[in-house]
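Thanks for coming. I will take a few minutes to walk through one structure, so please have the sequence and the model open.

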Amino acid sequence: MMTMPTMSELIRDTDTGLAWRVVQPAPTTPTALLVLLHGVGGNETQLAHLAATAGKDVLVVLPQGRLAFGPGQFGWFRVAFTPNGPQIQPEEAEASRTALIRWVERLQREHGIAPARTVIAGFSQGGIMSASVGLTAPERVAGFGVLSGRILPELETLLAPAESLRNVRGFIGHGMHDGKLPVAWAERADAWLTQLGVEHATRLYPIDHTISPAMQADFEAWYHSLLGKV
């Protein structure tokens, strides 16, 4: 059974329009930052269990999607699933991407945390946004995790220069039986990151559209290694 950590009350930022919670107890002088983004229709508490092994010196923040879809249900952009694949509202995805980049920079500045000690990751649409931040603003993060998500083809014109992308790392975790975002999306992400020269790990699991204990363990091992914790 997953143990949910204690979280702060919602903190709001008028500049970016974001609200978030901080996993408690928060370190007085954090040395690293872990940002965890929920999926569409979820909320900021969805990935709180991933904070369990973060470490006492890691500031773990859980942002809430900028768009409200219902009571306790939020997202980063609207998407329709069609026979031709997911069709997104690109202007909403772009607004969330730029807001997240500004917000991560604010957190780093306020807490004295270097981008090289920052990881952003998420589930489903949260993973999409994590890749969007990592691949367009690699100077802000050390790595990004895509858990049962994908990389937006719409990012192609926004990608950072190749030399900058060599400094960021990626983690792709996906279910082989994913009925929402078929495993082909993970295969495309793997191929694209290889083409871009982005060092990354890709792991597939015998699951549907979810985060399994094995995926969680692999992701945690990956980010601990990236932050030099093991």
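Let me begin where two helices touch: on the H1 side the residues are Ala 93, Ser 96, Arg 97, Leu 100 and Ile 101, and on the H2 side they meet Met 129, Ser 132, Val 133 and Thr 136. Sorted by class, this contact has 5 nonpolar, 3 polar and 1 charged residues. Keep in mind that this is a predicted model.

How are the two helices placed? H1 covers residues 90–111 and H2 covers residues 125–136; they pack at an angle of about 65°, and their axes are 10 Å apart. The crossing of H1 and H2 is right-handed.

Now H2 by itself. It has 12 residues, which at 1.5 Å a residue should span 16 Å. The C-alpha atoms at the ends of H2 are 17 Å apart, and that agrees. Is H2 enclosed or open? Of its 12 residues, 12 are buried, so H2 is largely enclosed by the rest of the structure. Among those buried residues are Gly 126, Gly 127 and Gly 134, and also Gln 125 and Ser 130.

Next, the charges. Side chains of opposite charge can pair when their charged atoms come close. Searching the whole structure gives 8 salt bridges, and I will go through three of them.

Is Asp 13 buried or exposed? Its relative accessible area is 9%, and because buried means under 20%, Asp 13 counts as buried.

The next pair is Arg 140 with Glu 105, where the closest N and O atoms are 3.9 Å apart. Arg 140 sits in the loop between H2 and strand E11 (143–147), while Glu 105 belongs to helix H1; they are 35 residues apart. Arg 140 is buried, at 16% relative accessible area, whereas Glu 105 is partly exposed, at 35%.

Then there is Arg 169 with Glu 199, the closest N and O atoms being 3.3 Å apart. Arg 169 is partly exposed, with a relative accessible area of 24%. Elsewhere, salt bridges with shared partners join Asp 13, Arg 106 and Glu 110 into one network.

Thr 118 lies in strand E10, residues 118–123, and is buried, with a relative accessible area of 0%. What does Thr 118 touch, leaving out residues up to four places away in sequence? Its contacts include Val 104, Gln 108, Leu 227 and Arg 140, and Arg 140 is the residue that forms a salt bridge with Glu 105.

The other residue is Ile 88, found in strand E9, residues 85–88. Ile 88 counts as buried, at 12% relative accessibility. Again leaving out residues up to four places away, Ile 88 touches several residues, including Phe 77, Val 79, Leu 152 and Ala 93. Ala 93 is also one of the H1 residues that meet H2, which brings us back to the place where I began.

Key: Residues are numbered from 1 along each chain as its sequence is written. This is a predicted model: local features need pLDDT of at least 70, side-chain atom pairs count only at pLDDT 80 or more; totals for chains, interfaces and linings use all residues. Side-chain values use heavy atoms; hydrogens and water are left out. Axes are lines fitted to C-alpha atoms, for helices over the stretch in contact, and angles run from 0 to 180 degrees between N-to-C directions. Helices (H or I, at least four residues) and strands (E, at least two) are DSSP runs, numbered from the N terminus. A crossing is left-handed if the near helix is turned anticlockwise from the far one by less than a right angle, and right-handed if clockwise. Contact means heavy atoms within 4.5 Å. Ala, Val, Leu, Ile, Met, Phe, Trp, Tyr, Cys and Pro count as nonpolar, Asp, Glu, Lys and Arg as charged, and the others, Gly among them, as polar. The expected span of a helix is 1.5 Å times one less than its number of residues. Buried means under 20% relative accessible area, exposed over 50%, partly exposed in between (1.4 Å probe, protein chains only). A salt bridge is a side-chain nitrogen of Lys or Arg within 4 Å of a carboxyl oxygen of Asp or Glu.
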